[in-house]
Amino acid sequence: METIITILVGVLVTVAVYLLLSKSLVRVILGTAILSHAVHLLLMTMGGLKKGAVPLLGENAESYTDALPQALILTAIVISFAVTSFLLVLAYRTYKETGSDNLATLRGFKDE
Amino acid sequence: MLAITIAIFIPFMAALFVPFIYKRVRSRNIGWFVMSVPLVLFIYLASLIPAVAGGKTYIHTIKWIDSAGINFTTYLDGLSMIFGLLITGVGSLVILYSIYYLSEREALGRFYVYLLMFMGSMLGVIFSDNLMVLYVFWELTSISSFLLIAFWYHRKKSRYGAQKSMLITVSGGVGMLAGFIMLYTMTGSYSVREIIGTIGQYTNESLFLPAMLLVLLGAFTKSAQFPFHIWLPDAMEAPTPVSAYLHSATMVKAGIYLVARFTPVFGGEAVWFYTVTGVGIFTLFWGSVNAVRQTDLKALLAYSTISQLGLIMSLFGLGSAALNEGYSADSVIYTQATFAALFHLINHSTFKGALFMVVGIVDHQVGTRDIRRLGGLMSLMPVTFTIAVIGSFSMAGLPPFNGFLSKEMFFESVLIIRNLDIFAMGPVWGSLIPVVAWLASVLTFVYSMIIVFQTFLGKHQPDRLDRKAIEAPVGMLIAPLILALFVVGIFFFPNVVGNYLLRPAMTAVYPPFEGAEGLVPHIAAWHGFNAPIIMTIGVIVVGALLYTYLRYWRGIYSLAPMRWNLDSMYNGLLTQTEKASSFLTRTYMTGYLRDYLVYIFVFFILTVGGGLLWTGGFSIDLSNDAPITISEYIIIFVMMGASIAIIFAKSRITAILLNGVLGYSIAILFVVFRAPDLALTQIIVETVTTALFLLCFYFLPEWSKEKTTRSLKVFKGIIAISVGTVVTVLALVVQGNKMFESISVYFENAYELAGGKNIVNTILGDFRAFDTMLEVVVLFIAGIGVFTLIKLKAGKGDEDVED
């Protein structure tokens, strides 16, 4: 299980990197979203998968799944949501101001 | 003794208060408060003179970074005593002088803050025993000097001079830091005293010589030795009190201090002897040659300072010869050079400080420092004239002034060195040193006469002066008068200085010679009709002749190709460096996001992937894998398929829906992985994210097909696949090699520790509550950002502001 999830993480990272290297701003943002998916899965895998009960003490199980990665991922999901939404609005504003969402045409000031 | 440590910090603390006091007292009277600081310190240090003269030293350590050998250790011995007295004594006088010199319209608060900062850092340099602490204070003096030179920052020349001094002294300082680290590598200690004790066993190490040269680099740049002297004349753009204080009496002597302090470490080595002596003698000569051709009095004094610093430096070089064989009745004779150096160091501070103040007074009263416009001020400014005579004649080496004594001792030292039979010192080199020294002294005599006679005698030219010449106010005259009194006083009572200040300093420079006979010679103005006195008479006769016929031979200066000099080399180097660096930066700073990402990814592949290859860390252990069911396989393959399809998606709607597929599949995986909270959160967030994307698509254009060449696609593909592979391999390696036990067991105690049964919730809400709070802050900031970006209207003027 861990191995195949790790490979899935690799595939997601590959796709994310490919999208990040695009010209289109929306593709780049999509790339960051996929990259955070990959990282969440990676964190999960690092703690070991399916190694015990749901981390609720009421279950009275013998052992529980590692709760720490879950807490980390919960934080990460929220943060990546914040970042994604901010980037989207940034793209919107950039397009409104410059009329372009193409990063190749958006480079810097001419007189710089 | 803790008091020494506090003494370093008192100026810094006073500097903190200056702005507040200056707000209340917006007048020159702020200076009186500032002056009390060095005055108190001076009196305190002076009260310790008898004890230090008796051979006592004070040491105090505050543990700081003990594991790295860095402690705040202060050390007061004879050598630091001399410098401490100079810094606080001349400091008090300079501040007193500045009270009357600076106009009340100047930013006095800022000026005194810088000055106090400098004073504190300078005290730090001389009292620190730990090399790292010394280095920090060393650079702080460079910084405060930079700020003081650029005090009139609206002037282009001030900024240029400040930058030049900063660049030269700081690069020397960095070299010195490297030297210190080498010393630490060899001896295992940053403490100068410990290094002095153990250095004997390391003289054959390969780092010994580089360490020595780097420490010398720091000393030479700071003390304006050839070829690094070029910053000092430009530093004269600073207000005159600053020039008198930093650039003649104290900061430029920090390099001298360093050489003196390190003489017991490196002294006795041939390289040290030749470098310090040679550079010093040449600087002495070169400075005096250039001083004669100056027409600006301050520039003349700058070159004369360079020259005098070279003199002191060369004496320390000559004196280091005594350490070659250790103590013996024969070698003690060479220590006389160091004695002369320390003596001249004090004398130079007195007469040069007075001369700088005189030049400041002339500039202040008549509005110019150009000797071609000056002349005949003697009858109009008699007191200033008297001080100028005392200072200049002392510099020229005439009796009855202290410069005469140290100049005689200087001649004696260069004559003694002819008898030196170590370091392969042949008769040629041995004779060259006295000859160059004598020539430089003749020129010193000439420019000293220029200062006095061309300013105060000759024809008065009132129409070429900005203001009518009148004597300066009493306040301005007190400080140079006190210095002039010292100039005369030291001549008549030189052995007071010798016994109380120079004796303990000599012991500090020559630990093996402690208490030796002849280490502290008796200073006498007249010691028979011997070689030094003949040299002095020669200087006076030839110098007087040269001065009289100055206008006949001054022409040779215009013959020499002065266009091609060190200054233009420095300027050229600076422009070329700026050009090259801006070219380099433009090459890789393209302003295109993709390029930057490529740099990041390539770096990641090379370091992480390369690191894995390099260390051979591949040991993948799959035995701990959990079993996997068919349904899970299906989810995983759906995700892989969906993600790859995103790359080829024709429309953005397809892409975003596929992204949704990924997100919801992850939610399902979270359920499988026993993480219900995550699954719930993921579903909500994924829904909102998808909605957001769709909302944005309403305003953004349909994504155009990426118009890229095939090779670029392949390049992107290679980078993407490499990054993916490195991540996968790294993750697999990590899973197979758990080096530590998981710390999660701790959190399973959640009910007792935090009173909650959901472990994930207790981590977020209790164990790591601050993290969660800051996470909310991030959300909040992002929210503000989103709101601002949508609502804020850009004004029309914004385009100008952006540039």
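Me: How many residues of chain B are in contact with chain A, and what makes a pair a contact?

Reply: This is a predicted model, in which local features need pLDDT of at least 70 and side-chain atom pairs count only at pLDDT 80 or more, while totals for chains, interfaces and linings use all residues. Residues are numbered from 1 along each chain as its sequence is written, and chains are lettered from A and ligands numbered from 1 in the order in which they are written. Two residues are in contact if their C-beta atoms, placed from the backbone, lie within 7 Å; 83 residues of chain B are in contact with 76 residues of chain A.

Me: Which helix gives the most to the side of chain B that touches chain A?

Reply: H28(B) does, with 14 residues. Helices here are DSSP runs (H or I, at least four residues), numbered from the N terminus.

Me: Why is Gly179(B) called buried?

Reply: A residue is buried if 20 or more other C-beta atoms lie within 10 Å of its own, exposed if 12 or fewer, and partly exposed in between, with C-beta atoms placed from the backbone. Gly179(B) has 24 such atoms within 10 Å, and is therefore buried.

Me: Where is Gly179(B), and which residues is Gly179(B) in contact with, leaving aside its neighbours within four places in sequence?

Reply: Gly179(B) belongs to helix H6 (residues 156-187) of chain B. Its contacts, with those neighbours left aside, are Ala211(B), Leu214(B), Val215(B) and Gly218(B). Between Gly179(B) and Ala211(B) the C-alpha to C-alpha distance is 4.2 Å, although they are 32 residues apart in sequence.

Technical notes: Helices (H or I, at least four residues) and strands (E, at least two) are DSSP runs, numbered from the N terminus.
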